[in-house]
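Please prepare a briefing on the fold described below, for a reader who has the sequence and the model at hand.

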Amino acid sequence: MCRVRSGETRDEGVSPAWKSSTVTQVAIFDLDGTLAETMNVDVRCFVEAIQAHLGDVELDTEWNSYPYVTDTGVITTLYEQNVGRRPHEHEIASIRADFVTRLTAVAESRPEAFREIPGAGAAVRSLRASDRWAVALATGGFRPSALMKLDLAQVAAHDVPGAFACDDITREGILELAYRRAATHHGVDAFDRVVYLGDAPWDVRTCRALGWPFIGVGGRGDELVAGGASHVLPDLSDLDALLSALDEATVPAA
Ligand SMILES: [Mg+2]
């Protein structure tokens with residue numbers, strides 16, 4: 001069970017500050033396409049899990065077309081379109097378990113299908129070791145599949161504060177919860193600065209809605225700049241460029 005009540009600020013998986021509370025800024029990372037390159041495997045297993053439960057339904061994998069670009073949001077939309085109601089919690093849990101089973105099978109036969117975005121592991125290690133930046137994770141994916149993908153991509157972020165599709169149907173809610181969990185973890189009421197790093201147009205939109213500075217990562221740079229991103233990095237391999245972008249990035253322009 002990974003549902004969290006609205007307004008909850010603590011999580012059983014997040015211990016209080018283990019690190020002295022000198023960090024005043026938090027970098028919150030998306031997962032797919034930002035820390036780990038798993039989208040092809042991810043999409044195929046997700047679609048198969050949904051179709052195993054809903055039948056051979058028409059399924060648009062252009063996620064930007066869904067009202068909520070999260071695993072829970074996509075499943076909810078497909079239930080509304082094909083069943084005429086929202087899914088029950090046990091139905092979401094069943095699809096989630098099936099999805100993880102399918103990912104596990106691919107991981108065992110083709111572990112090379114899960115790769116880090118170049119530099120992601122080193123960037124996360126450097127930021128976690130710094131006395132300025134806290135690191136958190138906010139993804140529209142489910143928690144069990146997200147943690148599995150991080151481990152397979154060998155990005156050591158499975159134990160940072162995080163929020164997932166299990167926690168909220170909206171990306172805004174997931175990002176805000178990740179922020180609150182990071183603050184709790186580091187023993188602060190709030191951070192002086194938050195920056196979100198993501199790879200997709202919905203990440204830009206979410207940051208504009210929240211008023212958070214945003215850094216784009218990956219190959220969709222033109223789309224991200226068109227969406228208002230002030231900074232886009234091709235990957236996370238240039239630590240100096242990342243640190244500069246973290247200091248300089250602004251809220252996406254409307
Ligand atoms: Mg992504």
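Gln154 is exposed because 12 other C-beta atoms lie within 10 Å; a residue is called exposed at 12 or fewer such atoms, buried at 20 or more and partly exposed in between, with C-beta atoms placed from the backbone. This is a predicted model, in which local features need pLDDT of at least 70, side-chain atom pairs count only at pLDDT 80 or more, and totals for chains, interfaces and linings use all residues. Residues are numbered from 1 along each chain as its sequence is written.

**Gln154 and helix 5**

- Gln154 belongs to the loop between helix 5 and strand 5; helices (H or I, at least four residues) and strands (E, at least two) are DSSP runs, numbered from the N terminus.
- Although Gln154 is not a glycine, its phi is positive, at about 60°, and the residue comes just after helix 5.
- Helix 5 itself is mostly covered, with 7 of its 10 residues buried.
- Those buried residues are Arg143, Ser145, Ala146, Leu147, Lys149, Leu150 and Leu152.
- They pack against strand 2 (36-37) and helix 3 (89-109); a contact requires C-beta atoms, placed from the backbone, within 7 Å.

**Overall dimensions**

- The protein chain contains 9 helices and 8 strands.
- The C-alpha trace spans about 50 × 40 × 40 Å along its principal axes.
- Buried residues make up 46% of the 254 in the protein chain.
- Among contacts with a separation of 6 or more, 68% join residues 24 or more positions apart.

**Domains and their contact**

- The domain assignment gives domain 1 (25-38 + 114-248) and domain 2 (39-112); such bounds come from an automatic or database domain assignment.
- The centres of domain 1 and domain 2, taken over C-alpha atoms, are separated by 22 Å.
- To the contact between them, domain 1 gives 19 residues and domain 2 gives 17 residues.
- On the side of domain 1 that touches domain 2, the elements giving two or more residues are helix 5 (143-152), helix 6 and helix 7 (201-210).
- Helix 5 gives the most to that side, with 4 residues.

**Nonpolar core**

- The largest nonpolar core has 71 residues, and those with the most contacts inside it are Ile28, Leu35, Ala136 and Ala178; a core of this kind is a set of buried Ala, Val, Leu, Ile, Met, Phe, Trp, Tyr and Cys residues joined through C-beta atoms within 7 Å.
- Helix 6 (residues 171-186) supplies the largest share of this core, 7 residues.
- Because domain 1 and domain 2 both give residues to this core, it lies between them.
- Ala136, leaving aside neighbours within four places in sequence, is in contact with Val26, Ile28, Val160, Pro161, Gly162, Ala178, Tyr179, Arg181 and Ala182.

- An open sheet is formed by 6 strands in the order 5-4-1-6-7-8, with parallel pairing; two strands pair if DSSP finds at least two bridges between them.
- Strand 5 (162-163) and strand 8 (231-233) are the edge strands, each pairing on one side only.
- Helix 9 (residues 239-248) packs on the sheet, touching strand 1, strand 4, strand 6, strand 7 (214-217) and strand 8, and its direction makes about 160° with that of strand 8; axes are lines fitted to C-alpha atoms, for helices over the stretch in contact, and angles run from 0 to 180 degrees between N-to-C directions.
- Strand 1 (residues 25-29) and strand 6 (residues 193-198) run parallel and are joined by 5 bridges, with Val195 in strand 6 as the bridge partner of Ala27.
- Strand 6 and strand 7 also run parallel, joined by 3 bridges; Gly216 in strand 7 is the bridge partner of Gly198.
- Strand 7 is covered on both faces, since Phe214 and Gly216 on one side and Ile215 and Val217 on the other are all buried.

**Trp133**

- Trp133 is found in strand 4 (residues 133-138).
- Trp133 counts as partly exposed because it has 19 C-beta neighbours inside 10 Å.
- Not counting residues up to four places away in sequence, Trp133 touches Val23, Gln25, Val26, Ala27, Leu127 and Leu246.
- The C-alpha atoms of Trp133 and Gly173 are separated by 22 Å, and the two residues are 40 residues apart along the chain.

Terms used: Contact = placed C-beta atoms within 7 Å.
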